[in-house]
Amino acid sequence: MTTAKIEKLERLIEATATARDAKTGSLWRQSIRRMRRSPMAICGAVIVALFVIVAVLGPWIAPYEASAQTWGKEVFLNRNIFPGPRPENWFGLDHLGRDMFSRMIVGARQTLLVGVVATLIGFLAGAFIGGIAAAAGTFGGRWGERLEAVIMRSVDVALAIPMLLLALSVAALLGPSLSTVMIAVGVAQIPIFARLLRGSMLAQAHSDYVLAAIALGVPKARIVVSHILPNSLGPVIVQATLVLATAIIEAAALSYLGLGNPDPGNPEWGTMLADAQRFLSGAPQLAIYPAVAIIVTALGFTLLGEAMRESLDPRLRRQE
Amino acid sequence: MLRYTVKRLLQLAVALLGLSLLLFAWFKALPGGPENRLLPENATDQQREALRAALGLDEPVWVQYGEFLGRIVRLDFGSSLSSGRPIATELADRLPATIELSLAAMVIAVGIGIPLGYLAARRRGTWIDFGSVSGSLVGVCIPVFFLAAMLKVVFAQELGWLPTAFRLSAGASYTEVTGLRVLDGIITGEFDIAADAFLHLVLPAMALSSIPLAVIVRITRASVLDVVGEDYVRTADAKGLKPGTIRGRHVMRNAMLPIVTVIGLLLGSLFSGAVLTESVFAFGGIGSFVYQATTERDYPALMGFILIIAVSYVVLNLIVDLSYGFLDPRVRVRK
Amino acid sequence: MALLEVEDLRVAFGAATAVDGVSFAVDEGKVVGLVGESGCGKSVTSLAIMGLLPKGKGRKARAAKSRNGKVPAQAEATGPEGTGPEGAAGDGAVPPGHGGAVAATPQGIAVGRRSNRGGADVSGRAAFDGVDLLTLPPAAMRRRRGADLAMVFQDPLSSLNPVVPVGRQITEVLERHRGLKGDKAVKEAANLLDRVGIPDPLRRLKEYPHQLSGGMRQRVLIAIAVACAPRLLIADEPTTALDVTIQAQILELLKDLVDSEGTALLMITHDLGVVAGICDEVNVLYSGRVVESAPVRDLFARPTHPYTVGLLGSIPRLDLGTHEPLTPIRGSIADVIRWKDGCAFAPRCDRVAPACVEGEPALVGAPHAHRCVMAEEIA
């Protein structure tokens, strides 16, 4: 089939799908408008925006060097009694005499990095696996269907392993470090993304405009890449937002289990929270600052994700 | 129903086989291979070869896999590198504690979550609704180990209302029957033991129940909202049935379907949570064991643990699926 | 005294009025039709009589919540049926061009569902055997529902509980109102299924709704409705969701049941064919009010209100030959003015005159009543 002919067919499909596309377009626009009215979405967006700003600007905002043990002597002399908030250190000092406020601000960046990298690993690998499975199952003939069955059964097996176990196994392979935590949390998310994208793509693959494209003889690879895939990403993106929240929390849990890098010079909230557990009865503030930061950030991503999901899901929308 | 059960059992077998393959691959991929951990740093190549032959590592991979499979079927996971005891024994000793803790957490989550979710749905837009929805949103965002630690500091250490750690007070004499100590205390008539074990269970179970509780509240609310809008509920109303009948037979029986599915999915996060909670309260379940195994790089112990947890997770999900078939005739009976 | 006397029934969802002063009566043993397009308020009327509308919190409180007189979200969510004269204009619930061919308009989702937040404010009177159902306490109303008055719904699949065997769904109503338990209830349920024409009833009792065909499901719903020999049966579009051949069977069944038991039947439909086949009297509803009310023969012989004329004109007829064009009513039910300002149908009426928009038209004449100030001139 010549390129010109393909393009002509594409235009035809576009024509048949116009009504649908117009509807989809307005669906997105509508959902954005709805989200602007939803207090949940606004709260989430504000929290996420603040978090990202702090993460980006952290080192420049922080009053002190985050890893410098400036007040080390003071802390070491008063064994395990750490000064709380005071004029020069708003959040007090940590167990090595470092300024907690600076550490919190600088820590946002690593935390965001952990969340984003872990989510990206899950998203990319999951979307790849799910996408291959859906494409093979839809257009690959009998062998494609078998391939899809094998892939999806394996995904089911992986889903059957609790996330923490997957993470532990990965960590056992790689040894403890922050990148282990990122990979471990990310790997654990792969099956979810794979299933989600496959489901979403299959729904698209059975829609009228795809059937029209098949009937018109557009190459299958092209249908998948330029029609099915872009239209299937909505729910996956929503899931990614929600997974970011989970990733930050899970990363903290793995750090607590000793799989993260113990007390890196470069602070990260999850590691800080895990480290602070040792001083919980004497100096709970060391744990409470990172804990509150993690909870609020995770809540921000959760609110944003849930609001997105609600505004995109016609079923939920009707309930509102 | 039989067909459905058989089909699910076959799927289970396939899943477990896949899992064993995954585990074998993982075990092979561990850094250095097992012989390096068993031999001193300065071992000669000859010693290495001898050990490899002794361990069967010179056989073809599929033979090794067969032997691996044979051993795990006999529950022979080898010995723990740290304690030297057989791993199967270690796990068997610790499993009841984890089961007791998880059960208690699930009882809390289901017992509070379903009524609260129902109430939130029926009193939609009131403070009950708002409170339970925002509570559950925050609930899933609190790291379990932090919650556990805070509960311990506040209620055990500062207020002194509840014990800080372990499953029984020091010096309590306890007769083991099932290993679930609250239950055992009741069975043997040692009610003081049951009460003591119960007090030790409260805080860890509360901490562990936080995420399942939050999730169950939300799914119940959404599910009930969905169902009360259905035509068949209106039909039930048009029959003049009593509110209790409508709630039980028409609303909840349908609303339970998604709730049961979600409970199955929650079991995974329950195990993760158990590992964290047990390590905070030194609860002595497999959670604390795996914490120790991870920090000490006790790979055989980790593998045994992963296998046990994965198998029980898969089996529990089978039970959930079967109960789903029991609840939903559309799955069970084909037209 | 009639068995059911509805007087000046009004139902509002927030600022949107769905039923705007409907009055009619159903005599013992008679079949009365309630006819109109989607959105005219006929389903809401039936649900209000049955006490199945979610309770509102007083009209003022709700009206205040809606912004700039727009329909509040919950009223919108109730679909076409929920929109009334005040809020409906320009809300687009009924797409233009759909309202035209009346008989073909698919019914929207029934009212009352999905509107758990927005309650309905009901006023007026619906006297059943002299007792006003609208002011009855909920518990007393529950004792009557399913026993003295029962209802058959439109969509038989969604109206049956999918996870409960149909037998249980029948016996529970026998248990509740007739005190039948165990084997007795099962035997009676089997009798009922037999009466509504389901073969092999004992086996069917154990089956679930998804195992039955559409027609059989509707028969089960009818069996549930007649289980306690109600004096009034309300059927809300009972045949709309069914195949044409099944429709006739179900209508025949309903007719047989009311004939043999002397049950009064309130038939809610948009289908004048159904009306002609089964009803003794007809009330034509437009925009929440009765615009014409007559014995069925009179109505078909001498339709008086231009809306009724329009309805009759938009039915395909076999006796007029293939080239006779159908004459749809122009515009849609959303093009209305308020009844207190004039005739709500005026914007769509071919014979509109200045008198039509000078104040509220009254319902005049008996037994053939109409609400049209131009009736004399038109006739």
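This is a predicted model: local features need pLDDT of at least 70, side-chain atom pairs count only at pLDDT 80 or more; totals for chains, interfaces and linings use all residues.
Visitor: How many bridges join strand β1 to strand β4 of chain C?

Guide: There are eight bridges between β1 (residues 4–13) and β4 (residues 120–128) of chain C, and the two strands run antiparallel.

Visitor: In what order do the strands of that sheet come?

Guide: Follow them across as β2-β1-β4-β5 in chain C: four strands in an open sheet, with antiparallel pairing. Now look at the edges, where you will find β2 (16–26) and β5 (131–132) of chain C. Each has a single partner strand, so one side of each is left without a neighbour in the sheet.

Visitor: And what does the secondary structure of chain C come to?

Guide: Chain C has 14 helices and eleven strands. Of its 379 residues, 53% count as buried. If you take the contacts in chain C with a separation of 6 or more, 70% of them are between residues 24 or more positions apart.

Visitor: Let's turn to helices. How far does α5 of chain B reach?

Guide: Here is the general idea: an α-helix has 3.6 residues a turn, so residues three or four places apart point the same way. Helix α5 (residues 87–122) of chain B has 36 residues and spans 50 Å from its first C-alpha to its last, close to the 52 Å expected.

Visitor: Where does a kink lie in α5(B)?

Guide: Look at B:R94, shortly before the proline B:P96, for a kink of about 35°.

Visitor: Is A:E306 buried or exposed?

Guide: To judge this, count the C-beta atoms around the residue; 20 or more others within 10 Å make it buried. A:E306 has 22, so this residue is buried. You will find A:E306 in helix α11 (residues 285–312) of chain A. Although A:E306 and A:T241 are 65 residues apart in sequence, their C-alpha atoms are 8.7 Å apart in space.

Visitor: How many residues do chains B and A bring to their contact?

Guide: Chain B brings 38 residues and chain A brings 36. On the side of chain B that touches chain A, the elements giving two or more residues include α1 (2–29), α6 (127–139) and α13 (299–327) of chain B. The most comes from α13(B), with eight residues.

Visitor: How do the residues on that side of chain B divide?

Guide: They divide into 31 nonpolar, seven polar and no charged residues.

Notes. Residues are numbered from 1 along each chain as its sequence is written. Chains are lettered from A and ligands numbered from 1 in the order in which they are written. Two strands pair if DSSP finds at least two bridges between them. The expected span of a helix is 1.5 Å times one less than its number of residues. The bend at a residue is the angle between axes fitted to the seven residues ending there and the seven starting there. A residue is buried if 20 or more other C-beta atoms lie within 10 Å of its own, exposed if 12 or fewer, and partly exposed in between; C-beta atoms are placed from the backbone. Two residues are in contact if their C-beta atoms, placed from the backbone, lie within 7 Å. Ala, Val, Leu, Ile, Met, Phe, Trp, Tyr, Cys and Pro count as nonpolar, Asp, Glu, Lys and Arg as charged, and the others, Gly among them, as polar.
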